[in-house]
Amino acid sequence: GGIMSNLSYRLKEFIEERGLTQKEVELATGIKRSNISEFLSETHTPSFKNFVALLYYFNCSADYLLGLVDIPTDQPLHEVPPFGKRLRAILEERGLAQATVMDDLHISTSVMYKWLSGKSEPCTDSLIRLSTYLECSVDYLIGRVR
């Protein structure tokens, strides 16, 4: 299983533990039921926006929902700031040039520009690649933990 099966497994677990229907999840998160069933059947990974909505709804850590860790973090969970701002801060903090990251991860200039300017956000796969590259958790990368 890759990330999709881990995410799907954790999502199923949360939904079953709480005795929820997909309809209830849809109403609470604003994520279409068709999307929820795609996440559960491993057809699609959530967009950044939907991923964050799931984190808030289940009050869980990103790394836990992605199946990257088996024990949820005991650190306080924060609101997720705009991704571009957060990424810019992390690159500054690490003394990393945008160009270096783009070269190392084969990210195009336009994609990097969109991320940094807030015009788009990375998919869950890219979040994992970025966090691995930056040697930090996905939670730290998205500002869920500080």
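## One face of helix 7

Let's start with helix 7, which covers residues 98-105: Val101, Met102 and Leu105 are buried there. "Buried" means under 20% relative accessible area, "exposed" means over 50%, and "partly exposed" is in between (1.4 Å probe, protein chains only). Seen down the axis of helix 7, these buried residues fall within an arc of 100°, so they line one face of the helix. That arc is taken from the directions from the helix axis to the C-beta atoms.

Just after helix 7 comes His106, which takes a positive phi of about 55°.

## Some ground rules

This is a predicted model, where local features need pLDDT of at least 70 and side-chain atom pairs count only at pLDDT 80 or more, while totals for chains, interfaces and linings use all residues. Residues are numbered from 1 along each chain as its sequence is written, and side-chain values use heavy atoms, with hydrogens and water left out.

Helices (H or I, at least four residues) and strands (E, at least two) are DSSP runs, numbered from the N terminus. A contact means heavy atoms within 4.5 Å.

Which residues of helix 1 meet helix 4? They are Leu7, Leu11, Phe14 and Ile15, and they meet Phe51, Leu54 and Phe58 in helix 4. By type, the residues of this contact divide into 7 nonpolar, no polar and no charged. For that sorting, Ala, Val, Leu, Ile, Met, Phe, Trp, Tyr, Cys and Pro count as nonpolar, Asp, Glu, Lys and Arg as charged, and the others, Gly among them, as polar. The axes of helix 1 and helix 4 (residues 48-58) come within 12 Å and cross at roughly 35°. Axes are lines fitted to C-alpha atoms, for helices over the stretch in contact, and angles run from 0 to 180 degrees between N-to-C directions. The crossing of helix 1 and helix 4 is left-handed: a crossing gets that label if the near helix is turned anticlockwise from the far one by less than a right angle, and is right-handed if clockwise.

Now look at helix 2 (residues 22-29) and helix 3 (residues 33-40), whose axes come within 9 Å and cross at roughly 120°. This crossing is right-handed. On the helix 2 side you'll find Gln22, Lys23, Val25 and Glu26, meeting Arg33, Ile36, Ser37 and Leu40 of helix 3. The residues in this contact divide into 3 nonpolar, 2 polar and 3 charged.

## Salt bridges

A salt bridge here is a side-chain nitrogen of Lys or Arg within 4 Å of a carboxyl oxygen of Asp or Glu. How many are there by this rule? The count comes to 5 salt bridges. One of them joins the side chains of Arg10 and Asp70 (3.0 Å, N to O). Arg10 sits in helix 1 and Asp70 in the loop between helix 5 (62-65) and helix 6, so the pair ties together parts that are 60 residues apart in sequence. Arg10 is buried at 8% relative accessible area, whereas Asp70 is exposed at 62%.

Glu26 and Arg33 also pair up through their side chains (3.8 Å, N to O). Glu26 counts as buried, at 19% relative accessibility, and Arg33 as partly exposed, at 38%. Then there's Arg94 with Glu93, where the closest N and O atoms are 3.6 Å apart. Salt bridges that share partners join Arg10, Glu13 and Asp70 into one network.

Ser8 lies in helix 1 (residues 3-17). Is Ser8 buried or exposed? Ser8 is buried, with a relative accessible area of 1%. Apart from neighbours within four places in sequence, Ser8 is in contact with Phe39, Leu40 and Glu42.

Glu38 belongs to helix 3 and is partly exposed, at 26% relative accessible area. Not counting residues up to four places away in sequence, Glu38 touches Thr43 and His44. Finally, find Cys136 in the loop between helix 9 and helix 10 (138-141). Cys136 is buried, with a relative accessible area of 15%. Leaving aside neighbours within four places in sequence, Cys136 is in contact with Arg94, Ser131 and Leu141.
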